[in-house]
Amino acid sequence: MSLENDENPFLVYRERLDSYHAAMTKGWSDADFVSLVKRLDAAVAEVDGIGFEVTPLQLTPGLAAEIELPTDKLVVKDETGSVGGSHKARHLFGVMLHLSIKGLSGRKELAIASCGNAAVAAAVVAAAEKQPLRVFIPTWAEPSVVRILEALDARIEVCERRPGETGDPTYLRFREAVEGGAIPFSVQGNVTETTLDGGRTIGWELADQLRTVGGDHRRVRLFVQIGGGALASAAWRGLIGGNARRDAPELVLHAVQGEACAPLVRAWDLLTVDAAERDELVLPHDRPGRARALVRRPLVERILAAATNRPDRFMWPWEVVGSSIASGILDDVAYDWLTVVGPLFESGGWPVVVPEKMIERAHRAAHMATDIPVSATGAAGLAGLLDPDTSGEIDPDDTVVVLFTGVDR
């Protein structure tokens with residue numbers, strides 16, 4: 001499929017969307033769905049100045065050289081010029097399509113917990129549909145984000161931690177609002193299941209664009225920064241779904257977190273320990289070695305069964321969240337972790353935890369070697385390539401994909 005930047009992915013890939021099938025089940029026609037997408041997209045453009053378009057994918061050998069990557073086939077998908085300045089609006093536009101089909105758009109109050117791009121995206125899409133929105137933000141939310149939310153008439157609630165409380169106070173207040181009747185309008189798939197639908201458009205685009213960018217691809221490694229995990233989950237599902245052809249490359253997923261907050265990496269590590277004890281395995285100490293040893297299907301099935309049956313053994317709130325310039329991935333719980341660790345084990349990939357200095361270096365390199373105005377959070381996936389254990393596993397013929405997901409405000 002040939003893609004141009006002026007195409008709306010919600011139209012290009014509509015027949016793959018769950019919202020499309022929900023509409024067809026209700027007796028809608030294809031024209032009805034197209035009309036809904038165009039109407040809502042036009043309303044988004046009126047609020048934000050732009051509507052949804054296919055986002056660019058570019059080969060960046062200069063960036064590969066800057067970070068001393070073993071391959072020059074480093075490909076960047078740039079989401080910084082999208083609605084709301086990030087990929088988050090894709091998720092929430094997809095949610096709004098579902099709400100519209102159910103007859104819930106423009107009516108009940110929406111709610112989201114966010115400190116940045118997700119809040120901005122929610123405010124844009126909610127304003128487009130003239131639907132009230134409550135945004136639960138931390139005490140340290142960026143002033144630039146708060147100003148945008150105020151300009152879009154979002155109802156902002158700053159959340160401080162209550163005595164004896166554990167977990168993210170913004171998420172706890174959000175859950176209270178939902179229990180009180182608000183509609184969850186979140187990029188966390190565990191509470192807003194439909195949020196993964198629109199996010200898959202990133203992966204579908206990527207699969208199509210890779211056929212024309214960067215030459216032949218024998219193995220594609222996708223590095224994704226992890227906060228709540230919905231981006232990795234949705235993009236991977238889309239990439240896998242769009243990669244079903246005879247000459248398709250091997251796909252490997254890598255999840256990247258910072259040392260300040262790495263609950264998903266901890267969960268993956270604990271799952272490997274659990275697998276070693278249960279199956280009496282002697283595993284390598286390094287994560288790449290463990291990933292290779294555990295990629296066998298029977299082992300993966302038992303690992304994922306353990307994660308699903310007793311999730312509390314592997315995922316709980318990060319006890320002390322540190323500070324980071326990549327503040328957008330400081331979720332103390334990786335809410336969609338189950339749909340990320342599964343692809344990690346199944347693809348033979350592994351998570352990477354990086355120190356703050358690597359996140360800072362990746363951000364600098366992105367600005368020095370590209371013209372993409374990406375934020376530190378948006379470039380954090382690139383930091384995973386600076387980890388020596390990981391970069392040492394990359395072959396010269398590997399294609400490496402990173403997602404630059406948020407604009408520097």
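Hi everyone, let me start with strand β4, where both faces are covered: L133, V135 and I137 on one side, and R134, F136 and P138 on the other, are all buried. Buried here means under 20% relative accessible area, with a 1.4 Å probe and protein chains only. Please keep in mind that this is a predicted model, where local features need pLDDT of at least 70, side-chain atom pairs count only at pLDDT 80 or more, and totals for chains, interfaces and linings use all residues. Residues are numbered from 1 along each chain as its sequence is written, and side-chain values use heavy atoms, leaving out hydrogens and water.

Back to the strand. In a regular strand, side chains alternate between the two faces of the sheet. For β4, which covers residues 133–138, six of the six residues are buried, so the strand is largely enclosed by the rest of the structure.

Now, who are the neighbours? Strand β3 (residues 110–113) runs parallel to β4, joined by four bridges; two strands pair if DSSP finds at least two bridges between them. L110 has L133 as its bridge partner in β4. Between β3 and β4 the chain passes through helix α6 (residues 117–128), in a right-handed β-α-β crossover. Right-handed means that, with the strands pointing away from the viewer, the path from the first strand over the helix to the second runs clockwise.

Strand β5 (residues 155–159) is also parallel to β4, with five bridges between them, and R134 stands opposite R155.

Let's move on to helix packing. The axes of α13 (residues 297–309) and α14 (residues 338–347) come within 10 Å and cross at roughly 165°. Axes are lines fitted to C-alpha atoms, for helices over the stretch in contact, and angles run from 0 to 180 degrees between N-to-C directions. The two helices are therefore roughly antiparallel, a label for angles over 145 degrees. Residues in contact, meaning heavy atoms within 4.5 Å, include V300 and I303 in α13, and L338 and V341 in α14.

What is the angle between α9 and α10? Helix α9 (residues 195–209) and helix α10 (residues 230–242) pack at about 50°, with their axes 6 Å apart. That makes α9 oblique to α10. Among the residues that meet are G199 and W204 in α9, and A234 and G238 in α10.

Terms used. Buried < 20%, exposed > 50% of the residue type's maximum accessible area, 1.4 Å probe, protein only. Parallel < 35°, antiparallel > 145°, perpendicular 65-115°, else oblique.
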